Amino acid sequence: MRKWIAVAAAAVVAAAGTASWWLLREEAGVRPTTFRSELNTAHYAPIATRALDPEPLTAAEVFPAGQVASGGITLAGGSPESLADCASAVWGSAEAAVAGCTQALRAGYTSADGRIAGQFLIFNLADSAAADRLVTALGRDGFVRPASGLPEAFDGARGWAQARALGHYVTVSWVAPAGPGAGVDLTHPQLAVDGLGFAVQQRLV
């Protein structure tokens, strides 16, 4: 009897340990293999603060079409998400870096063959200094969370990502293999998703 109690107790401890591991894994999040970042330049001085650019972004403005394309590669997008709680879109050191963020817009994209998926996010921060801090944090021990519309097979750890500080905004594009097969070329998918940042350029006009 004591033997069975000991075995049962060990099983409970093991299960608790497994559950804790999964919780920690979820909290830690996933970072892409390749990450590039870009801090602010004087080019974005006209939108360096939210006071200079007070109108909130709209999903129609950032995601004007249901798909993105580059180099013959087309990815279809799901319904854009608008998040008032910017911290829910990031993990790690990036959580503190989104303090003062008033909105985050994001959408997921998938290729027709299901082999590639990606997402685009844009954060509305107080000023260019805050934007630079977020981009720096994304390059350290924090990153964004996958959009809810991405397929379960999205392998973000094997992906490419680009974060840019554009005035008081930060854009993040992240593409990765999704589904069976290896050796997919992420060059044009990355360009396609990253091109959604053109919405910020329009704010400069």
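This is a guided tour of a predicted model, stop by stop.

**Before you start**

Residues are numbered from 1 along each chain as its sequence is written.

**Stop 1: the whole chain**

Show the chain as a cartoon. It holds six helices and ten strands. These are DSSP runs, numbered from the N terminus: helices are H or I with at least four residues, strands are E with at least two. Now colour by burial. Of the 205 residues, 40% count as buried. Buried means under 20% relative accessible area, exposed over 50%, and partly exposed in between (1.4 Å probe, protein chains only).

Switch to the surface. The chain exposes about 10,300 Å², and carbon and sulfur atoms supply 60% of that area. Areas come from the Shrake-Rupley method with a 1.4 Å probe; for residues, only the protein chains shown count as cover.

Turn to contacts, meaning heavy atoms within 4.5 Å. Among those between residues at least 6 apart in sequence, 75% join residues at least 24 apart.

**Stop 2: Gln162**

Select strand β9, residues 160-166, and pick out Gln162. Is Gln162 buried or exposed? Gln162 counts as buried, because its relative accessibility is 12%. Next, show what surrounds it. Leaving aside residues up to four places away in sequence, Gln162 touches Arg36, Ser37, Glu38, Thr171, Val172, Ser173, Gln190 and Asp194. Keep Glu38 and Asp194 on screen.

**Stop 3**

Side chains of opposite charge can pair when their charged atoms come close. The rule here for a salt bridge is a side-chain nitrogen of Lys or Arg within 4 Å of a carboxyl oxygen of Asp or Glu. By this rule there are six salt bridges.

Select Glu38 and Arg164. Their side chains form a salt bridge, 2.7 Å from N to O. The pair links distant parts of the chain: Glu38 is in strand β1 (residues 34-38), Arg164 is in strand β9, and they are 126 residues apart. Glu38 is partly exposed at 29% relative accessible area. Arg164 is partly exposed too, at 22%.

**Stop 4: Arg203 and its partners**

Move to Arg203. Its side chain meets that of Asp53 in a salt bridge, 2.9 Å from N to O. Arg203 sits in helix α6 (residues 198-204), Asp53 in the loop between β1 and α2 (59-62), 150 residues apart. Both residues are buried, with Arg203 at 17% relative accessibility.

Glu61 counts as partly exposed, at 27%.

**Stop 5: the disulfide**

A disulfide is a covalent bond between the sulfur atoms of two cysteines. It is called here when a pair of cysteine sulfur atoms lies within 2.5 Å. The count comes to one.

Select Cys86 and Cys101. Their sulfur atoms are 2.1 Å apart. Look along the S-S bond: at -65 degrees, the link is left-handed. Cys86 lies in the loop between β4 (81-83) and β5 (90-91), and Cys101 in the loop between α3 (94-97) and β6 (103-111), so the bond ties together parts that are 15 residues apart in sequence. Cys86 is buried at 2% relative accessible area. Cys101 is buried at 12%.

Note on methods: This is a predicted model: local features need pLDDT of at least 70, side-chain atom pairs count only at pLDDT 80 or more; totals for chains, interfaces and linings use all residues. Side-chain values use heavy atoms; hydrogens and water are left out.
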